[in-house]
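Here's a short tour for anyone meeting this structure for the first time. Have a look at the sequence and the model, then read on.

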Amino acid sequence: MPYRATRASGASRASRGRCPAAAPRDPTPCEGPHDAATLVDRHGREVAGCVHHCARVLAGLEGARVHPFVPAGQALEIYSRARELPPFAWEIGR
Ligand SMILES: [Zn+2]
């Protein structure tokens, strides 16, 4: 299933005031700093985002992981949130 999370080094910064990891169709606001963590997709593309959106994206992005330089506590937080989320949570109103 094609899923374009973000254009990693996108020219256009993500929609107004949200972190680059926020999916365009995900209406939820950011939580905390916009560069709290970085995800790496299976193609090696990186995208920074807040903890909230990193978790949401991670839940639906097969083969993605949290970048190794993200502090362990933060990475754990993202993984544990992602585990509770369905893929593409926003599509079912979560
Ligand atoms: Zn965010």
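## How much is buried

Of the 94 residues in the chain, buried ones make up 34%. A residue counts as buried if 20 or more other C-beta atoms lie within 10 Å of its own, as exposed if 12 or fewer do, and as partly exposed in between, with the C-beta atoms placed from the backbone.

Keep in mind that this is a predicted model: local features need pLDDT of at least 70, side-chain atom pairs count only at pLDDT 80 or more, and totals for chains, interfaces and linings use all residues. Residue numbers start from 1 along each chain as its sequence is written.

## The overall layout

You'll find two helices and three strands here, and along the sequence they follow the pattern β-β-α-β-α. Both kinds of element are DSSP runs numbered from the N terminus: helices are H or I with at least four residues, and strands are E with at least two.

What about contacts between parts of the chain that sit apart in sequence? Two residues are in contact if their C-beta atoms, placed from the backbone, lie within 7 Å. Among contacts with a separation of 6 or more, 52% come from residues 24 or more positions apart.

## The sheet

The three strands make an open, antiparallel sheet in the order S2-S1-S3. Strands S2 (46-49) and S3 (65-66) are the edges, each pairing on one side only. To count as a pair, two strands need at least two bridges between them, as found by DSSP.

S1 and S2 run antiparallel and are joined by four bridges, with threonine 38 standing opposite alanine 48 in S2. Their hairpin has five residues between the strands, and glycine 44 takes a positive phi near 90 degrees there. On the S3 side, S1 (residues 37-40) pairs in the antiparallel sense over two bridges, and leucine 39 has valine 66 as its bridge partner.

## A helix tucked inside

Helix H1 (residues 51-60) lies across S1 and S2, at about 15 degrees to S1. That angle is taken between N-to-C directions on a scale from 0 to 180 degrees, using axes that are lines fitted to C-alpha atoms, for helices over the stretch in contact.

Nine of the 10 residues of H1 are buried, so the helix is largely enclosed by the rest of the structure. Among them are His52, His53 and Arg56. And what do the buried residues of H1 pack against? They pack against S1, S2 and helix H2 (72-84).

## The nonpolar core

A nonpolar core is a set of buried Ala, Val, Leu, Ile, Met, Phe, Trp, Tyr and Cys residues joined through C-beta atoms within 7 Å. The largest one has 21 residues, and Ala21, Ala37, Leu39, Cys54, Leu58 and Ile78 have the most contacts inside it. S1, S2, H1 and H2 each give two or more residues, and H1 gives the most, with five.

Take leucine 58: neighbours within four places in sequence aside, it touches Leu39, Ala64, Ile78 and Ala82 as contacts.

Phenylalanine 88 lies in the segment after H2. Is it buried or partly exposed? With 18 C-beta neighbours inside 10 Å, phenylalanine 88 counts as partly exposed.

Most residues other than glycine have a negative phi. Phenylalanine 88 has a positive one, near 55 degrees.
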